[in-house]
Structures are given as C-alpha cells and as structure tokens.
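Here are my notes on this model, point by point. Please keep the structure open while you read.

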Amino acid sequence: MSVAFTREEDYEATAADLPDRPISPHANLVTPRGLYRIEAELAEARAAYTAAQSAGDVSSDRTAIARATRDLRYWSARRASAQLVEPTPDAQVVTFGGTVTFDREDGRRQTFRIVGEDEADPANGAVSYVSPLAQAVLGKAVGDEAMVAGSEVEIVAIG
C-alpha cells in the first residue's frame, strides 16, 4: 500500500507540542509562603529539565523535555514577576495575606486566607486575591457585610 493511503501519526511529536501555561494578567502578589512555593516549583522545573536533557537522546523523549521546558518558562516568569507582600499584623480590615472569617445566611461559618494566585487552594481555605470571594471581602472590617456567591455574609473575625 502506498504511503499516501496510510495515516501514521507521530503521537510523541504531538504530545511534545505542549501549549504554554497561561500567565495571569494580574499583578503577581505573593505571600512569603507563596514565594517559597514558587521557588520550590522553579527548582523542581530546573531539575526536571536537566534530567530530561541528560536522559540521552533528546529526540527519544520529546514529551518530557517539552513538559520540563514549559514548566521552566512558567515558573521563571512567575518568579521574575513576584511581588512579595508581607502580611499586615493586627489589621483592622481584610488584607492580602490575612484571614477572614464570615458567617453565611445558612448558618455556616467559613474562614479563608487571601493569597496569591499560585498559592490559592480553596479546598484548604486559601483563595486568590483576584477571586470574587476575596474581592468582596477585601477592605471590610468585623461587622461589615459583603455579597459572596449571591448571598450576604457577615465578617466576624480578621486575622
């Protein structure tokens, strides 16, 4: 059969064509913990890149080197643009790096820490400062109300 009638795809080459990780247009504000995490991710990306290069023939595993290169570009850019913001001790209003506790209308009490985008982990109580929740409560004081996810919440503690 002629090659013209077969379709042979190089799946590894396709996988190696990884798109860049998107970089947020927002300022890259980071807490000290967030900066540490970025530096750890950057070190891990450098190690993965070195390992992929030293694994032998680069063409034998283009996926690994493409992934390592992509991650190295992302974390290098995030480290270069990081703006360290130290938490404000004894803040009277909700600030970046601090925690906020609020009561929801349904009786639930929730506490979140306002952090940078790379540090955000809502399931563990850390939300990005650009998230709708953080935007609703930043600058609020204890006793203030805010609209979060379509319902009123009352700020009951700031830390």
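Is Arg78 buried or exposed? Arg78 is buried, with a relative accessible area of 2%. One caution before the points: this is a predicted model.

1. **The overall layout.** Begin with the whole chain. The protein chain has four helices and seven strands. Read from the N terminus, the elements run α-β-α-α-β-β-β-β-α-β-β. The chain has 159 residues, and 34% of them count as buried. Its accessible surface comes to about 9,600 Å². Carbon and sulfur atoms account for 53% of that surface.

2. **Contacts along the sequence.** Take the contacts between residues at least 6 apart in sequence. Of these, 57% join residues at least 24 apart. Keep this in mind for the pairs below.

3. **Arg78 and its partner.** Back to the opening residue. Arg78 forms a salt bridge with Asp118. The closest N and O atoms of this pair are 2.7 Å apart. Arg78 sits in helix α3, while Asp118 sits in the loop between β4 and β5. Residues count as buried under 20%.

4. **Asp20 and Arg73.** Which residue does Asp20 pair with in a salt bridge? The partner is Arg73, and the closest N and O atoms are 2.4 Å apart. Asp20 is partly exposed, at 48% relative accessibility. Arg73 is partly exposed as well, with a relative accessible area of 41%.

5. **A pair within one helix.** Now look at helix α2 (residues 32-54). Glu41 forms a salt bridge with Arg37. Here the closest N and O atoms are 3.8 Å apart. What separates the two along the helix? About one helical turn, because Glu41 and Arg37 are four residues apart in α2. Glu41 is partly exposed, at 22% relative accessibility. Arg37 also counts as partly exposed, with 36%.

6. **The salt-bridge count.** How many salt bridges are there? The count comes to 10. Some charged residues form a network: Arg21, Arg70 and Asp71 are linked by salt bridges.

7. **A negative patch.** Turn to the surface. Glu105, Asp144, Glu145, Glu152 and Glu154 form a negative surface patch. One of these, Glu105, lies in the loop between β3 (99-104) and β4 (109-115). Glu105 is exposed, with a relative accessible area of 59%.

8. **Ser128 under cover.** Where is Ser128? Look in strand β5 (residues 126-128). Ser128 counts as buried, at 9% relative accessibility. Set aside its neighbours within four places in sequence. Ser128 is then in contact with Val115, Gly116, Glu117, Ala120 and Ala134.

9. **The loop between β2 and β3.** Two residues here deserve a look. Thr88 is found in the loop between β2 (82-84) and β3. Thr88 is partly exposed, with a relative accessible area of 45%. Thr88 and Gly98 are 10 residues apart in sequence. In space they are 7.3 Å apart, C-alpha to C-alpha. Asp90 lies in the loop between β2 and β3. The phi of Asp90 is near 55°, a positive value in a residue other than glycine. Asp90 counts as exposed, at 73% relative accessibility.

10. Ala149 is found in the loop between β6 (145-148) and β7 (151-158). Ala149 counts as exposed, with a relative accessibility of 75%.

Methods:
Residues are numbered from 1 along each chain as its sequence is written. This is a predicted model: local features need pLDDT of at least 70, side-chain atom pairs count only at pLDDT 80 or more; totals for chains, interfaces and linings use all residues. Side-chain values use heavy atoms; hydrogens and water are left out. Patches are made of residues with over 30% relative accessible area and no salt bridge: like charges are joined within 9 Å, nonpolar side chains (Val, Leu, Ile, Met, Phe, Trp, Tyr) within 5 Å. Accessible areas come from the Shrake-Rupley method with a 1.4 Å probe; for residues, only the protein chains shown count as cover. A salt bridge is a side-chain nitrogen of Lys or Arg within 4 Å of a carboxyl oxygen of Asp or Glu. Lys and Arg count as positive and Asp and Glu as negative; His and the chain ends are not counted. The place of a charge is taken as NZ of Lys, CZ of Arg, CG of Asp or CD of Glu. Buried means under 20% relative accessible area, exposed over 50%, partly exposed in between (1.4 Å probe, protein chains only). Contact means heavy atoms within 4.5 Å.
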